[in-house]
Amino acid sequence: MRVKTAGRALSVRMPILTGVVFVAPALILFAVFILYPLITALSYSFFSWKGTLRGEFIGLENYVTIFTKKPFDEDLPNAFAHNLLLFAGAMVFQNSIGLMLAVVLHKIGKLKRLFQTMFTMPYLISPLVVGYLWSLLLSPLFGPVNAILKQIGLEEFALPWLGDPTTAIWAIVFITAWQWIGFPMLLYGAALGGIPDEVTEAAEIDGAWGIKKFRTITLPLLLPALGTVSILTFIGAMEAFAIPYAVGGSDGTPAGATDVMALLFYRTAFESGDVGSIGTSSALATVLFLFIFGVAVALRFLLARGEKRLYG
Amino acid sequence: MKKLNKNMWAWLTHDEHQQPKAITKGDKLRKRLSALGAIGVAALVLTGCAPSSPEPAETSTQAQSSATADPVDPVTLTIWSWRTEDVEKYNTIFDVYEAANPGVTVEFEAFLNTEYNQILATGLEGSDGPDLAMVRAYGGVQALIEAGQLLPVDGLVDTSAVEQSLLAAATGKADGKLYGVPFATQVLQVFYNKGIFDELGLTEPTTWDEFVAVNDALNASDYTPMALGAKDAWMLPIFHEIVGAARFGGPEFRAELLAGTKDFTDADYVASIGLVNDMTKYMVDDVIGIDYASSQVQFISGTAAQFPGGSFELGNFQTQAPDMDLGVYLVPPPPGAVSSKPLAAGWADGSFAINSQSENQEAALNLLNWLASPEFGQLFVNEIKQFSAIKGMDYSDPVMKEIGELFAAGPSQYINLVDMRYGTPTGSTLIGEGIQSMFLGEKSAADVAQYLQEGVSEWFTPGS
């Protein structure tokens, strides 16, 4: 009863205004730096533009342009497909290897810190530097990668990695994974550390060992971390800019083989001679944002349902 | 595959200063490093500043009588620029103007090249913009013109000393008015290493047969005949102009293209793209994997004998390889060429223009007139060491002098930059991507031409 009274008294002494005061700083920052820009970019996409001078309201015309007119009708699906490929590639290689490393490091214990630091080191380098570094390493002229391949008799694999459309996008998948591998590894490592020993011991007593234990005990308990990593990977892949830019330039060379949505936006906003580029680039930015936001929310919803089913 | 210098990797990493530093638009490396900054600015531009309709000041009447009048009251003129590396040199140049025009102070402010467009667009919108500004050329200046942010200067500035073909760089596409005075030009040609030519007993080719013979001889030697960064698409239309301008006819073709009597699918233009493909046998294998910076290293390190490129390479080559004896020539007309003489494609690199909201337009117009004069042109050549847009300048550097003479003897225009950057997709992007596809065996020369024509047709209407 006293507790109840105390609870009521607390809610009385904590009026809405106080709550607002506490939330206000974050809310203002969010509104000024995130919400306002988002809404402004959205509004810009509904107008015609002459340089920085806003013209008349044209409804969805900019959206029609980016879906039907050259170069967007070809560049947009091409770039979008590459973003999806970057996501798939990161899920298959970066995150699975990251999980494997996390499990191995979780077991070895002693040198865990050393290896964790080593694997997360590239994470600290600017992606532009990483991209440039790898474009030097993979250079057909003086890149050590091809030189080594030739030395050890694998001459047929000494390809122009970044110049051939079939290998260039995979090179970007690899370079991205090389830089970010430490990220899933750390998150999975933390989640593994959070699995109570009692659970694993109980599973072992029940006869679950090795792969079986991993599949039936560890993996389901890692589901929240898997979800977080997947969503962040999705956002990262859809927004990829720095590494593709450093490797293939703003055109996504060769012949658009490394083009991604952010590069298309960059070209449209800054490199086209089109005086209406603010409108079309705002439309592109809006479409990209809505897609990322929609999918991220949907994924989060699906994961929440999965977790609920698992944990009750 | 040409023999490669085994020490090249070591050489490249030995001294970071040896890494090719590009100079102007070709500055891919610096662009890459500044990309995040540009994206940040993108966010600001797209979001931060609500646009306001500028109200161009009534200028024509007040400025009409001012072109020759010296201002009596002290006035400070601000000029914005993207040439951060040239601030001191421009200050020296404007000291000369200040001495001759008492009461006028010129303040030259430079901003990071990659962020300049956004900074200038924002500055011109508000009241704290500059009086004059360096503006980009051709398609790059149209957004400012269309937004009414620049002052039309037809009849207010004497441009008789300026190379007339370059005035298009500062002309409004929609209204045909002049909005500035071009200050720098670039010219395309083949750079070659005279030391290698002498060693192999080769001379500058003057006919197509000699050109082929020189490249065959180089191919038979340990040297790579030509360095080309085919991985960077922007380099390929430059290469196409250098090799193909005489074949498709340069200025004559341009006139017909703009009039609508010919388009890019013209047989001569297709043949000129075909020449680009024929040249790949004079490059390293997998040239599609070589980036621009690596191609510069090939030439500077002496493994490649020739570098087809723009005059903006000159300073870099002379700094990186001070001992190299550098020569330049134009590719001679091939069989079937429309032009009987070799052509040097050129373009203006930027212009000086006046802010339509400047409160000192009278003084600004006086200064702009001076910027269109031979006196400024020569100071520009001497201090900045680039090609001036003013005619008849005296170049002390022998290579610059020769490039100037080549351009004067066979002037042409880099069509895909000069005329095909007024909309999306730009001509240079299309032909760059197209040639890459051709190198990869996915497109023929005719396909590339068709791709270019279809792309620019989205916004380009001949005769307009």
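Q: In which helix of chain A does Leu223(A) lie?
A: The model is predicted: local features need pLDDT of at least 70 and side-chain atom pairs count only at pLDDT 80 or more, while totals for chains, interfaces and linings use all residues; side-chain values use heavy atoms, with hydrogens and water left out. Residues are numbered from 1 along each chain as its sequence is written, and chains are lettered from A and ligands numbered from 1 in the order in which they are written. Helices (H or I, at least four residues) and strands (E, at least two) are DSSP runs, numbered from the N terminus. The run that holds Leu223(A) covers residues 223-238 of chain A and is helix H12.

Q: Does Leu223(A) count as buried, partly exposed or exposed?
A: Buried means under 20% relative accessible area and exposed over 50%, with partly exposed in between (1.4 Å probe, protein chains only). The relative accessibility of Leu223(A) is 23%, so the residue counts as partly exposed.

Q: Which residues are in contact with Leu223(A), leaving aside neighbours within four places in sequence?
A: Contact means heavy atoms within 4.5 Å. Ala191(A), 32 residues from Leu223(A) along the chain, has its C-alpha atom 9.2 Å from that of Leu223(A). The contacts of Leu223(A) beyond four places are Leu303(A), Gly306(A), Glu307(A), Leu310(A) and Tyr311(A).

Q: What is the volume of the second largest pocket?
A: On a 1 Å grid over the protein atoms alone, a pocket is an open set of points where a 1.4 Å probe fits, with protein on both sides within 12 Å along at least five of seven lines; lining residues have an atom within 4 Å of a point. Grid points are joined across faces, edges and corners, and a volume is the space filled by probe spheres set on the points. For the second largest pocket this comes to about 640 Å³.

Q: Which element gives the largest share of the lining of the second largest pocket?
A: The lining has 26 residues, and nearest the centre lie Asp274(A), Val275(A), Gly276(A), Gly423(B) and Trp459(B). Two or more lining residues come from each of strand E1 (47-50) and helix H3 (61-68) of chain A and helix H6 (139-146) of chain B. The largest share is three residues, from H3(A).

Q: Which elements are included in what covers the buried residues of H6(B)?
A: The buried residues in H6(B) are Gly139(B), Val141(B), Gln142(B), Leu144(B) and Ile145(B). After the helix comes Gly148(B), with a positive phi near 70°. The cover over the buried residues of H6(B) includes strand E3 (132-135) and helix H5 (113-125) of chain B.

Q: How many residues of strand E6 of chain B are buried?
A: E6(B) spans residues 304-310 and is largely enclosed by the rest of the structure. Two strands pair if DSSP finds at least two bridges between them; E4(B) (181-193) pairs with E6(B) in the antiparallel sense over five bridges, and E5(B) (224-226) in the parallel sense over two. Bridge partners include Val190(B) with Pro308(B) and Thr224(B) with Ala304(B). Of the seven residues of E6(B), the number buried is seven.

Q: What share of the residues of chain B count as buried?
A: Chain B contains 19 helices and 10 strands, whereas chain A has 15 helices and two strands. In chain A, with 312 residues, 45% count as buried. In chain B, with 464 residues, the share is 60%.
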